[in-house]
Amino acid sequence: MSDATRAVEAIWRIESARIVGALARYTGDFALAEDAAQEALAEALVAWPRDGQPANPVGWLMTTAKRRAIDTIRRAGVQREKYEAIAHDQDEAYDDELDIERIDDDVLALMFVSCHPVLSKEARVALTLRVVGGLSSEEIARAFLVPVPTIQARITRAKKTIAAAKVPFEVPSPDERRQRLAGVLNVLYLIFTEGSTATSGEDLIRTDLAREARRLTRVLIGVLPDEPEAYGLLALMELTASRFPARTDATGDPVLLEDQDRTRWDQGAVRRGLAALEQATPRGLGPYGLQAAIAATHATADSVETTDWERIVVLYEALGRIAPNPIVDLNRAVAVAMAHGPLRGLEIVDRIADDKRLDHTHLLPTVRGELLRRLGRTVEAREELERAAGMCTNERERAVLRQKVADLT
């Protein structure tokens, strides 16, 4: 890869949201804006290595994208007003003194459109990574271990759905924004979760995807600096990511929390996470903030034995009240087992064992098997862990479960 090509990709990753957002505002057409921006990117990948990087790279991309949009509008023969609106001053260089509030509004609108509730969860994730994150279809497909045509189809359907639903390209009103912010945060959380706990394939952690989720969350905080739950989500991401270096061994196999070398935890990420949590705390913690507080309790303990498990139990109880979820209950059971013994934890697990939402995850039999092992109920533990291994879709994690079964034989 040439220096010019690397420069194109770096600038695109940083500035694509501003470019697509500005084009969408100019044209009033979200799909046209994204397509024109992608055409400009493709042209830059050819022109910059050949002709050299322009003095104003962002201006070059913006101007080229506007020209492509004009060409599309002209070919389509649509209303003259739209053509004149985007054509106005199209040849001017990109203005470095652009109104930052307008730029922020463009990026914010782009995030809310990409995460609009009319779209499926999968479409929201793919579209956000494409138009806000600046990732190519190939990069998104590689991150989620799906074929490129699948991602391309999701993005195409998403843009058609937005057009059919006549979703306006604008920042929602304050009341609507509060209602829809949870959806935006959820998309970012889903991206991070896929990166930090890969559900399939060989890799346990996809650091590039988790890193992109953190970057996009910082972008959101940059345009919405007064939203505590956005800080809570960033804190959760940073504190979780701080353990990445110790979560796998030299061969890529998983290392359990109690066996991790805590000197390998990323203290820079811990500090960033604690700072973000401090920003989230004054107005009360929401679901992401509470999860971040749990992660902070782990991050500031010297060992599993010295971890304040009572505090973690209380935090999970609070989380279960405001965001009821069987996975929260399962995690609370683990914390209770650490604080009060495996029998107390098993009682909680058995109470939630019939929840149908846990039917398709290996987590319930994994936790139950481990608690049964600690209680010395070896035969039952082996059965649960065998069931967990059969349900697990991540190859490395499945291997660990099978080793646990072998150790009990």
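**A pair of helices**

Reply: Helices H18 and H19 cross in a left-handed way. Keep in mind as you look that this is a predicted model. To find the pair, go to residues 363-374 for H18 and residues 378-391 for H19. Their axes come within 8 Å and cross at roughly 155 degrees. Because angles over 145 degrees count as roughly antiparallel, H18 is roughly antiparallel to H19.

Now for the residues that meet. H18 brings Pro 365, Thr 366, Arg 368, Gly 369, Glu 370, Leu 372 and Arg 373 to the contact. Facing them from H19 are Glu 380, Ala 381, Glu 384, Leu 385, Arg 387, Ala 388 and Met 391.

Next, step back to the cores. The largest nonpolar core holds 83 residues, and Leu 129 and Leu 220 have the most contacts inside it. Helix H1, which spans residues 3-27, gives the most to this core, with 10 residues. A second, separate core has 34 residues, including Ile 312, Ala 333, Ile 348 and Cys 392.

Apart from neighbours within four places in sequence, its contacts include Gly 134, Ile 140, Phe 144, Ile 191 and Leu 216.

Finally, how confident is the predictor? The average pLDDT of the chain is 87, and 91% of the residues score at least 70. Over residues 89-101, though, the pLDDT is below 50. That stretch still has 15 contacts in the model beyond near neighbours in sequence.

Technical notes. Residues numbered from 1 in each chain as written. Predicted model: local features only at pLDDT ≥ 70, side-chain atom pairs only at ≥ 80, totals over all residues. Heavy atoms only, no water. pLDDT = per-residue confidence, 0-100. Contact = heavy atoms within 4.5 Å. Core = buried A, V, L, I, M, F, W, Y, C linked by side-chain atoms within 4.5 Å. Buried < 20%, exposed > 50% of the residue type's maximum accessible area, 1.4 Å probe, protein only. Helix = DSSP H or I, 4+ residues; strand = E, 2+ residues; numbered from the N terminus. Axes fitted to C-alpha atoms, helices over the stretch in contact; angles between N-to-C directions. Parallel < 35°, antiparallel > 145°, perpendicular 65-115°, else oblique. Left-handed = near helix turned anticlockwise from the far one by under 90°.
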